[in-house]
Amino acid sequence: MDRTVFDHQVRLVLSSKGDSGHGVEAELILETRFLFRDSSGQWHDLEPGTGVALAPVLGLFGQSVAAVDVQGLGTLTIDFHDGAGLRIDPDPQFESWHLVGTGIHAVSVGPGGEEAWEA
């Protein structure tokens, strides 16, 4: 995790360089309520745009991703090597999250989630 940005969204900037010199430069944008587990295992129910309430997410800076999973209509779960994690479910009314960048396929989970996923 190279950067965290808070405003009316939560933006997590991720990058990785592969052995071939090619890699990933991606931004995960969270737009609705999400659950965050800090490295001690405590869960936080967070919402973008809530200022200092988002402080637990600052602990992700410098962390590396251990696992990523997308289930159902777009429930995103990410686990980090230090034990932290996050989960964001599709929102019935709003776009909940999207991933953009280079070295990845862009993903967007709109209102109510997505039914067709490309592998």
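## Strands and their partners

Leaving out neighbours within four places in sequence, R11 touches R3, T4, V5, E27, L28 and I29. The model is predicted. R11 belongs to strand β2, which covers residues 10-17. Is R11 buried, partly exposed or exposed? Its relative accessibility is 22%, so R11 counts as partly exposed. The cut-off matters here, because buried means under 20%. R11 can also be placed against H98. The two are 87 residues apart in sequence. In space, their C-alpha atoms are 9.8 Å apart.

**The open sheet**

Which strands make up the open sheet, and in what order? There are five, in the order β1-β2-β3-β9-β10. Their pairing is antiparallel. The edge strands are β1 (3-6) and β10 (107-109). Each of these pairs on one side only. From one strand to the next, the twist averages 15 degrees.

Strands of a sheet pair through backbone hydrogen bonds, and they do so either parallel or antiparallel. Strands β3 and β9 run antiparallel, joined by six bridges. Look at E27 for one example: its bridge partner in β9 is V100.

**Pairs around β4**

Strand β4 spans residues 34-37. It pairs with β5, and it pairs with β8 as well. Both pairings are antiparallel. The β4 and β5 hairpin has five residues between the strands. Within this hairpin, G41 takes a positive phi near 100 degrees.

| Strand pair | Residues | Bridges |
|---|---|---|
| β3 and β9 | 23-30 and 97-102 | six bridges |
| β4 and β5 | 34-37 and 43-46 | four bridges |
| β4 and β8 | 34-37 and 85-88 | three bridges |

F34 stands opposite L46 in β5. L35 stands opposite R87 in β8.

In a regular strand, side chains alternate between the two faces of the sheet.

**A nonpolar patch**

Now turn to the surface. Which residues form a nonpolar patch there? They are V65, V68 and V70. Together they have about 210 Å² of accessible area. V65 lies in strand β6, which covers residues 65-71. Its relative accessible area is 34%, so V65 is partly exposed. Patch members need over 30% relative accessible area, and V65 has 34%.

Methods: Residues are numbered from 1 along each chain as its sequence is written. This is a predicted model: local features need pLDDT of at least 70, side-chain atom pairs count only at pLDDT 80 or more; totals for chains, interfaces and linings use all residues. Side-chain values use heavy atoms; hydrogens and water are left out. Two strands pair if DSSP finds at least two bridges between them. Helices (H or I, at least four residues) and strands (E, at least two) are DSSP runs, numbered from the N terminus. Axes are lines fitted to C-alpha atoms, for helices over the stretch in contact, and angles run from 0 to 180 degrees between N-to-C directions. Patches are made of residues with over 30% relative accessible area and no salt bridge: like charges are joined within 9 Å, nonpolar side chains (Val, Leu, Ile, Met, Phe, Trp, Tyr) within 5 Å. Accessible areas come from the Shrake-Rupley method with a 1.4 Å probe; for residues, only the protein chains shown count as cover. A salt bridge is a side-chain nitrogen of Lys or Arg within 4 Å of a carboxyl oxygen of Asp or Glu. Buried means under 20% relative accessible area, exposed over 50%, partly exposed in between (1.4 Å probe, protein chains only). Contact means heavy atoms within 4.5 Å.
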